[in-house]
Amino acid sequence: MERNQRINCTVTSCKYNKNQEQECSLEQIIVTPVQNCNTNTPDESMCSSYKHIK
């Protein structure tokens, strides 16, 4: 992976959303499939690195 790659995110409830700037502060994320979902659209995957702001 290139070191200049950015991870943009609009999930404002995630603790890794950098200062609510729609940018993930993690250097990498884990994307996992949603089980029993075969829609051929983005909802077949989700960010497993998500952590709720406490």
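Of the 54 residues in the protein, 13% are buried (buried means under 20% relative accessible area, exposed over 50%, and partly exposed in between, with a 1.4 Å probe and protein chains only). This is a predicted model, in which local features need pLDDT of at least 70 and side-chain atom pairs count only at pLDDT 80 or more, while totals for chains, interfaces and linings use all residues. Residues are numbered from 1 along each chain as its sequence is written, and side-chain values use heavy atoms, with hydrogens and water left out.

### Overall picture

The protein has two strands and zero helices (these are DSSP runs numbered from the N terminus: H or I of at least four residues for helices, E of at least two for strands). Its C-alpha trace spans about 35 × 30 × 15 Å along the principal axes. The accessible surface comes to about 4900 Å², and carbon and sulfur atoms hold 47% of that area (the Shrake-Rupley method with a 1.4 Å probe is used; for residues, only the protein chains shown count as cover).

Among contacts with a separation of 6 or more, 26% link residues 24 or more positions apart (a contact means heavy atoms within 4.5 Å). As for charge, the mean positions of the 6 positive and 6 negative charges are 11 Å apart. Here Lys and Arg count as positive and Asp and Glu as negative, with His and the chain ends not counted; each charge is placed at NZ of Lys, CZ of Arg, CG of Asp or CD of Glu.

Let us look at Asn-17, in the segment before strand 1 (31-33). Asn-17 counts as buried because its relative accessibility is 5%. Its side chain reaches the backbone oxygen of Val-11 at 3.2 Å and the backbone nitrogen of Gln-22 at 3.3 Å. Not counting residues up to four places away in sequence, Asn-17 touches Cys-9, Thr-10, Val-11, Thr-12, Gln-22 and Glu-23.

### Met-46 in strand 2

Met-46 sits in strand 2 (residues 45-47). With a relative accessible area of 46%, Met-46 is partly exposed. Leaving aside neighbours within four places in sequence, Met-46 is in contact with Ile-30, Val-31, Thr-32 and Val-34. Between the C-alpha atoms of Met-46 and Gln-35, which are eleven residues apart along the chain, the separation is 10 Å.

### Cysteines without a bond

A disulfide is a covalent bond between the sulfur atoms of two cysteines; the cut-off used here is a pair of cysteine sulfur atoms within 2.5 Å. A search of the whole structure finds zero disulfides. Cys-14 is in none, and the nearest cysteine sulfur, that of Cys-9, is 5.8 Å away. Cys-14 is buried, with a relative accessible area of 7%. Cys-47 itself is partly exposed, at 36% relative accessibility.

### Two asparagines in the loop

Asn-36 lies in the loop between strand 1 and strand 2, and Asn-40 is found in the loop between strand 1 and strand 2 as well. Each has a positive phi without being a glycine. The table lists their values.

| Residue | Phi | Relative accessible area |
|---|---|---|
| Asn-36 | about 60° | 85%, exposed |
| Asn-40 | near 60° | 69%, exposed |

Conventions: Polar contact = N/O pair within 3.5 Å; in protein donor to acceptor, adjacent residues only side chain to side chain.
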